[in-house]
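Visitor: I would like to go through this model and ask what stands behind some of the terms used for it.

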Amino acid sequence: MLLTADVGNTEIVLGVFDGTELRHTWRSSTQPERTSDELALLLAGFLEHRDLDLRKDITGFCIASVVPDVTGQFRDMAATYLSHEPVIVGPGMKTGVSVVTDNPREVGADRVVNTLAAFTAFGGPAIVVDFGTSTNFDVVSETGEFLGGVIAPGLQISAGALVGRTARLTRVDLQPPRSPVGRSTVEAIQSGLIYGTAGEVDGIVDRIRDDLGAPAATVIATGGLAPVVIPHCRTVDRYEPWLTLEGLRLVYEKNVDA
């Protein structure tokens, strides 16, 4: 079985594939101070709840990470607790994705993996909207290239900044209010965050489609906060919660199984 790990700034999303089937998923907070031994204990605990063993059942490990400290600890963990080298997505890795930006080495591994998964499933052109710590828009060409994209503050960053910079506003649940016109301070904040983000998504997607000259470019939403926003978007075509994990499986196959 293949273990995959999408390491973001806020969360680590884990998945186990049995062949091409995603059998299990988990989410854990990203804590760069965790040691390799603590990571091994965390993974072993998740797997044990699904009657799986870290050493015996996991035959491959593929990682996309934007947190260098965690990448290093995962590498050390694999060296100690696994019998195989992890596949870590990075520059020089065989992904099948051409990155045609000014500086390809600065593009996050998760964005390359999302491009691969989106193009494999839906073809191009496409736009992946990844709702995480930041809201990333990854633009995929007609032939599967990563053209670039947009990085905007994520929902939680926006909410935290709003509360942190104002004296009388408090944190709110990220759920839609009864109406876009808030009848209370809480509802007014919820409206600004959720409908504001939905409007941002639609506006940016419209501009990207115009720039590409591709009004029918497929828009795929993913990421942990996507379900909060996409019901209020008019431009999102598909919701694929495990898009990045699927991309990691594809990268693994290109580098190990081929």
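Guide: This is a predicted model. A place to begin is a pair of helices: the axes of H1 and H3 (residues 68-81) come within 8 Å and cross at roughly 70 degrees.

Visitor: Why are H1 and H3 called roughly perpendicular to each other?

Guide: Angles of 65 to 115 degrees count as roughly perpendicular. The crossing angle here is roughly 70 degrees, so H1 and H3 are roughly perpendicular to each other. On the H1 side the contact is made by Ser-36, Asp-37, Leu-39, Ala-40 and Leu-43, and on the H3 side by Gln-73, Phe-74, Asp-76, Met-77 and Tyr-81. These residues divide into six nonpolar, two polar and two charged.

Visitor: What makes Asp-51 exposed?

Guide: Exposed means over 50% relative accessible area. Asp-51 has 73%, and is therefore exposed. Asp-51 lies in the loop between helix H1 (36-48) and helix H2 (54-57). Its phi is positive, about 60 degrees, although Asp-51 is not a glycine.

Visitor: What makes S8 and S10 the edge strands?

Guide: Five strands form an open sheet with mixed pairing, in the order S8-S7-S6-S9-S10. Strand S8 (146-153) and strand S10 (238-239) each pair on one side only. S8 runs antiparallel to strand S7 (residues 134-140), and seven bridges join them. Val-139 stands opposite Gly-148 in S8. H4 lies across S6, S7, S8, strand S9 (218-222) and S10, and runs at about 50 degrees to S7.

Visitor: Which residues does the cis peptide bond join?

Guide: The cis peptide bond joins Gly-124 and Pro-125, with omega about 0 degrees. Pro-125 is found in the loop between helix H4 (109-122) and strand S6 (126-131).

Note on methods
Residues are numbered from 1 along each chain as its sequence is written. This is a predicted model: local features need pLDDT of at least 70, side-chain atom pairs count only at pLDDT 80 or more; totals for chains, interfaces and linings use all residues. Side-chain values use heavy atoms; hydrogens and water are left out. Helices (H or I, at least four residues) and strands (E, at least two) are DSSP runs, numbered from the N terminus. Buried means under 20% relative accessible area, exposed over 50%, partly exposed in between (1.4 Å probe, protein chains only). Axes are lines fitted to C-alpha atoms, for helices over the stretch in contact, and angles run from 0 to 180 degrees between N-to-C directions. Angles under 35 degrees count as roughly parallel, over 145 as roughly antiparallel, 65 to 115 as roughly perpendicular and the rest as oblique. Contact means heavy atoms within 4.5 Å. Ala, Val, Leu, Ile, Met, Phe, Trp, Tyr, Cys and Pro count as nonpolar, Asp, Glu, Lys and Arg as charged, and the others, Gly among them, as polar. Two strands pair if DSSP finds at least two bridges between them.
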